[in-house]
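Welcome, and please open your viewer. We will go from one selection to the next and say what is there at each stop.

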Amino acid sequence: VGSWSGSANDDHAIGSRLGEQDISGDAYGNLRPGQRLTERTGYRLFHNHLAVDLALSLFDFGTPGFRNLRAAVWREAFDAALEGAVEGLIFTFSPEPSVDRDFIPGLLAEARRTGGRTLLVELTAPHAVLRERIGADSRQGTGKLTDRALFEDLLTKGVFETRGMPAAHLRLDTSRLTPEETAARIQQALS
């Protein structure tokens, strides 16, 4: 199962034989539902910030070095999960301009090629909720977006748009659901 964010309101999830992938944007609430889904399913959780934080330790965000290292970590992680016959993988993800537009379609194609199953989940929240979440204490020191003014600037510039992303199988508003409820709905959709 996976999730990603499209416009500033969107997040999606991808699931496959590897498990599930959660591809979501900043402050949509993809980590906690992913953790709850891991508890419910036994699937492994590959949170986007594992790759992002590693790349940021060496390169500035969006630079060629950052983009190349992040993409390499993603590819190696998915390849290793496939080779290791990982039963399920939950992947959180945020599409934004520094991500290759072919990444998710390529991932889906690879899952189909290997007989995998996918579930794309879009997690959404109203902009007002996102603004509130951006400044939450729990985000401080995580490498996640915490500056509301920067969020507004990025929103105005369309950085969170997800043109070209595959349509989600399931769309959930995380402002109306707890992480446990979100995970339960995703698990139900997997059945």
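**First stop: a helix with two sides**

Select α4 and look at the face turned away from its buried side: there you will find the exposed residues Arg112 and Arg113. Here, exposed means over 50% relative accessible area, buried under 20%, and partly exposed in between (1.4 Å probe, protein chains only). Helices (H or I, at least four residues) and strands (E, at least two) are DSSP runs, numbered from the N terminus. This is a predicted model, in which local features need pLDDT of at least 70 and side-chain atom pairs count only at pLDDT 80 or more, while totals for chains, interfaces and linings use all residues. Residues are numbered from 1 along each chain as its sequence is written, and side-chain values use heavy atoms, with hydrogens and water left out.

Now colour Phe103, Ile104, Leu107, Leu108 and Ala111, the buried residues of α4. Looking down the helix axis, you will see them within an arc of 135° (taken from the directions from the axis to the C-beta atoms), so they line one face of the helix.

**Second stop: strand β7**

Move to Arg171 in strand β7 (residues 170–173). Arg171 counts as exposed because its relative accessibility is 52%. Show its side chain together with that of Glu122: the two make a polar contact at 3.2 Å. Such a contact is a pair of N or O atoms within 3.5 Å; within protein, one must be able to donate a hydrogen and the other to accept it, and residues adjacent in sequence count only if both atoms are side-chain atoms.
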